Every structure is written in C-alpha cells, then in structure tokens.
Amino acid sequence: MVKELEETVNVPVVHICTIVPISLTVGANRIVPAVAIPHPLGNPTLQSAEEKELRRSLVEKALQALTTEVNEQTQF
Amino acid sequence: MAAVRAVHYLNQFFGQIGGEDKADITPFQKDGPVGPGTALQKAFGDEIEIVGTVICGDTYFNENIETATTEIMELIAGYQPQMLIAGPAFNAGRYGVACGAVCAAAAEKFAIPVITGMYEENPGADLYRKQAYIVRTGDSAAKMRTAIPAMSKLALKIARGEELGTPADEGYLEQGLRFNTMHHTERGSSRAVAMLLKKLKGEPYQSEYPMPSFSRVTPRPAIKDLKKAKIALVTSGGIVPKGNPDRIEASSASHFGRYDITGIEDLTEDTFETAHGGYDPVYANLDADRVLPIDVLRQMEKEGVIGSLHNVYYATVGNGTSVANAQKYAHAIGLELSEENIDGIILTST
C-alpha cells in the first residue's frame with residue numbers, strides 16, 4: 001500500500017509500523033518503527049497524558065521522515 | 001484401469017459459442033470435449049476422459065465472480081470429476097482470471113488436481129498460481145499447438161500419480177512451495193561456492209532458494225514546508241466508525257472504507273473501533289488513536305505544526321490481505337487523494 005500510494009499520489013509516504021522487516025521487504029521508503037502490534041501508537045500501561053506524549057513523538061518522527069530527503073529505504 | 005474423469009472449462013470463444021458479443025453468456029455444460037478439449041482428449045488417449053465441458057462468457061464471469069463460480073461448481077459437480085482442466089487462456093486477462101478462479105474453487109470444493117495454462121504475464125497467473133498448476137504457454141492462441149502437449153503431459157503425469165519435478169522441469173509456474181531434496185553428488189557448501197563464482201563472473205545461475213521479488217518505487221521528494229502541508233491518513237489497522245458501517249472483514253478484506261473526520265478531535269471508545277482480526281482488539285477499541293493518531297494530528301494542526309489534516313481518512317484490514325489486493329485498494333485510494341492536493345501521507349499498520 002505504501003509503495004502504491006507513493007507512486008499514485010506522487011507525494012512522500014511514511015509507514016508507521018511495528019514489524020519493520022516486513023516493511024523493508026515490501027519496499028517502503030520511509031519507515032518509523034512503532035510500539036506494538038495491537039497499539040502501534042500507544043502504550044496502555046502509561047497514564048493517558050504520557051501515552052499521548054509518546055504518540056506525539058512518533059507522529060513527530062513521521063513528519064520528520066516526510067520532510068527528510070531520502071534516496072533509499074530509510075528507517076527513522 | 002478406468003480413465004480418470006476430467007471436466008474442461010472454456011470461455012465462450014473457445015467453447016465455440018461466439019466472440020465478444022457472446023461474452024455475457026451464463027455458464028452451461030456440454031457432454032464430452034469441445035474445441036481445445038478435443039485436442040487434449042486426443043493426447044490423453046484412454047488414460048483421461050473429458051466427460052464434460054463447462055462454458056461461460058468471460059464478461060459474465062468477471063462481473064459476477066462469486067455467482068458465476070457457484071453456478072460453474074454446480075455444473076462441474078454433476079460430472080463427479082477427478083480432475084479439472086481449464087483453458088489454456090494464453091494472455092487473455094478475463095479468461096485467465098476465470099480459469100484461475102474456477103481451478104481454485106474446484107480444488108477447494110472437490111479436492112481434485114486442477115490444471116490450466118497461461119502466459120506468465122496474464123493477471124490470472126499471479127492471482128492463482130498457488131492454487132493451480134498453471135502451465136506456461138505462449139501469449140496467444142497461435143501457440144495452441146505447443147500449449148496442448150505441455151498441458152496434457154502434466155495432466156497425464158498427475159493422473160498416473162507420478163511424482164512431479166520442479167516447476168521448471170514440468171513447465172508450470174512456481175507455486176512458492178519448498179521441498180527438501182537430497183543432493184548425492186555435491187554438498188551445499190560447494191554448490192554455494194560454485195553459484196557465487198558464476199555470479200561473480202556474470203554468468204547465469206539458478207538459486208535453490210529464490211526470494212519473493214518486490215518492486216521498488218523511487219522515494220518522492222520531501223515536504224518543503226510542513227507548516228503549509230496537507231497530511232492524509234491511511235491505515236491497514238482496520239480503524240472504522242463504531243459498528244463498522246462498511247462491514248470491512250476481519251481478515252482478507254475485500255474492500256476499504258473512507259471516513260469523514262471533519263470536526264473530530266479525538267477517537268473515543270464510543271465512536272471508533274477496529275475491524276481488524278488477528279490481534280487483540282481491546283487496546284484499539286478503547287482508544288483508536290493508538291492505531292490512527294488523529295488526536296495528535298489535530299493538536300498539531302491547531303498549533304500550526306502542519307498546515308492541515310485531510311478531512312477524510314482511509315482504512316482497510318491488512319490481516320491476510322493479498323499483496324495484489326492491497327495494491328489495488330491503495331491504487332484506488334491514491335486516485336482519490338490525488339484530487340485533494342495532499343503533500344504527504346502517513347500510513348499506519350498494526
């Protein structure tokens with residue numbers, strides 16, 4: 001999906017995912033590793049404010065990936 | 001020994017009904033072989049008997065895949081076959097998909113060997129190579145003369161219960177299966193070195209363990225000014241409005257959904273949930289932002305970190321979804337997003 005979106009929309013796409021090897025194999029160009037499969041952008045053991053902070057940091061990293069030029073598959 | 005009972009599947013053209021004007025024809029049966037079936041029957045001798053032929057229009061099949069498949073299975077069942085043969089379809093796309101789908105359904109329903117023939121680039125080949133023996137053929141019916149012997153040779157081997165060699169030896173497309181075999185002449189290390197030497201010299205070599213090949217796309221240039229950028233969200237994590245209005249399946253999703261999030265600042269337990277199977281949905285159901293970070297992106301939109309968050313997000317379920325389907329959904333989503341002046345996309349996966 002990541003590749004097809006990048007090709008069709010012609011804009012950078014960042015993949016936030018838990019299983020990075022799959023994303024690498026399939027061919028995503030910008031990858032941000034996530035927390036866990038059932039909650040990639042969260043952590044239920046944290047207080048909600050801390051959890052939102054964690055989510056924000058992952059989204060910031062994703063936005064950083066979208067604003068960074070890459071020539072090959074890059075993990076942020 | 002009694003002949004193996006086989007049913008043959010053909011489209012309207014090879015079934016000798018007519019061309020494109022008859023492509024809407026619904027499935028029907030004819031006893032005995034028809035068209036290419038007569039040539040196959042000749043090659044089969046008395047070892048395999050084509051007891052019946054099922055014919056269906058390519059357009060009818062492809063526009064009604066589920067109904068057509070069910071109808072065709074009923075016709076096939078009437079012949080109590082021990083083998084199904086379809087096509088060959090060469091490079092005809094709709095016919096290839098029909099042959100593949102009929103083979104896959106028959107293999108599942110009747111647990112019988114299924115054989116078809118296609119040109120490697122036929123879209124039906126990638127879709128169904130795992131479920132059927134797809135004999136490699138030329139790209140047009142002009143290659144019928146070589147397709148028939150190739151298909152009948154494989155069918156006879158299977159009918160006799162002989163052990164099959166590798167796909168390359170037998171002339172069918174790789175199904176992605178791995179077998180252990182014993183090499184008595186040369187041990188692994190020396191085969192590996194021999195392969196490496198060939199590779200270094202630029203000579204052709206054949207891997208014993210080919211990896212699936214995924215194409216690459218060129219990374220698109222980065223967003224220059226995030227403060228003006230419009231960001232879109234897509235997820236394969238199955239986040240949908242509560243109640244899953246589009247009924248996206250928990251596994252092998254057959255479609256994707258598009259959901260308007262105008263005015264939505266936060267996904268809550270009461271408004272959103274996950275349709276995704278295969279992982280514990282509790283955390284996503286309690287707070288779907290854990291998969292689709294709308295709360296944080298809305299916050300960033302307000303703070304002016306990003307220009308805006310696109311007011312529609314797209315979702316499907318990645319669980320068991322084939323690469324071909326994922327690509328298809330992403331293409332359709334991409335066409336819609338192309339109209340919306342999007343500057344960047346965040347795709348989240350569970």
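This is a predicted model: local features need pLDDT of at least 70, side-chain atom pairs count only at pLDDT 80 or more; totals for chains, interfaces and linings use all residues.
Residues are numbered from 1 along each chain as its sequence is written, and chains are lettered from A in the order in which they are written. Local features need pLDDT of at least 70, side-chain atom pairs count only at pLDDT 80 or more, and totals for chains, interfaces and linings use all residues, while side-chain values use heavy atoms, with hydrogens and water left out.

Start with chain A. It has 3 helices and 3 strands. Helices (H or I, at least four residues) and strands (E, at least two) are DSSP runs, numbered from the N terminus. Along the sequence, the pattern of chain A reads α-β-α-β-α-β. The C-alpha trace of chain A spans about 40 × 25 × 20 Å along its principal axes. One backbone detail deserves a look. Asn10(A) has a phi near 65°, a positive value in a residue other than glycine. Asn10(A) sits in the loop between helix H1 (2–9) and strand S1 (13–17) of chain A.

Now the interface. In chain B, 51 residues are in contact with 47 residues of chain A. Contact means heavy atoms within 4.5 Å. The two chains bury about 4,300 Å² between them, and 65% of it is on carbon and sulfur atoms. Buried area is the accessible area (1.4 Å probe) that two parts lose on being put together, summed over both. Between chain B and chain A there are 6 salt bridges. A salt bridge here is a side-chain nitrogen of Lys or Arg within 4 Å of a carboxyl oxygen of Asp or Glu. One of the 6 salt bridges between the chains joins Glu303(B) to Arg56(A), with the closest N and O atoms 2.6 Å apart.

Helix H3 (residues 48–66) of chain A packs on helix H10 (residues 294–303) of chain B at an angle of about 70°, with the axes 9 Å apart. Axes are lines fitted to C-alpha atoms, for helices over the stretch in contact, and angles run from 0 to 180 degrees between N-to-C directions. H3(A) and H10(B) are therefore roughly perpendicular to each other. Angles under 35 degrees count as roughly parallel, over 145 as roughly antiparallel, 65 to 115 as roughly perpendicular and the rest as oblique. The crossing of H3(A) and H10(B) is right-handed. A crossing is right-handed if the near helix is turned clockwise from the far one by less than a right angle, and left-handed if anticlockwise. Ala, Val, Leu, Ile, Met, Phe, Trp, Tyr, Cys and Pro count as nonpolar, Asp, Glu, Lys and Arg as charged, and the others, Gly among them, as polar.

Helix H3 (residues 65–77) and helix H4 (residues 93–110) of chain B have axes that come within 10 Å and cross at roughly 55°. H3(B) and H4(B) are therefore oblique to each other. H3(B) passes H4(B) in a right-handed crossing. The contact of H3(B) with H4(B) has 10 nonpolar, 1 polar and 1 charged residues. Among the residues that meet are Ile72(B) and Met73(B) in H3(B), and Val102(B) and Phe110(B) in H4(B).

H4(B) also takes part in a salt bridge. Across all chains, the structure holds 21 salt bridges. One pairs Arg94(B) with Glu20(B), the closest N and O atoms being 3.0 Å apart. Arg94(B) lies in helix H4 of chain B and Glu20(B) in the loop between strand S1 (4–11) and strand S2 (28–31) of chain B, so the pair ties together parts 74 residues apart in sequence. Pro88(B) sits in the loop between strand S4 (83–86) and H4 of chain B. The peptide bond from Gly87(B) to Pro88(B) is cis, with omega near 15°.

The last stop is H6(B). Helix H1 (residues 36–44) and helix H6 (residues 144–159) of chain B pack at about 50°, their axes 9 Å apart. H1(B) and H6(B) are therefore oblique to each other. H1(B) passes H6(B) in a right-handed crossing. Their contact divides into 10 nonpolar, 1 polar and no charged residues. Lys157(B) is also in helix H6 of chain B. Not counting residues up to four places away in sequence, Lys157(B) touches Glu162(B), Glu163(B), Leu164(B) and Glu170(B).
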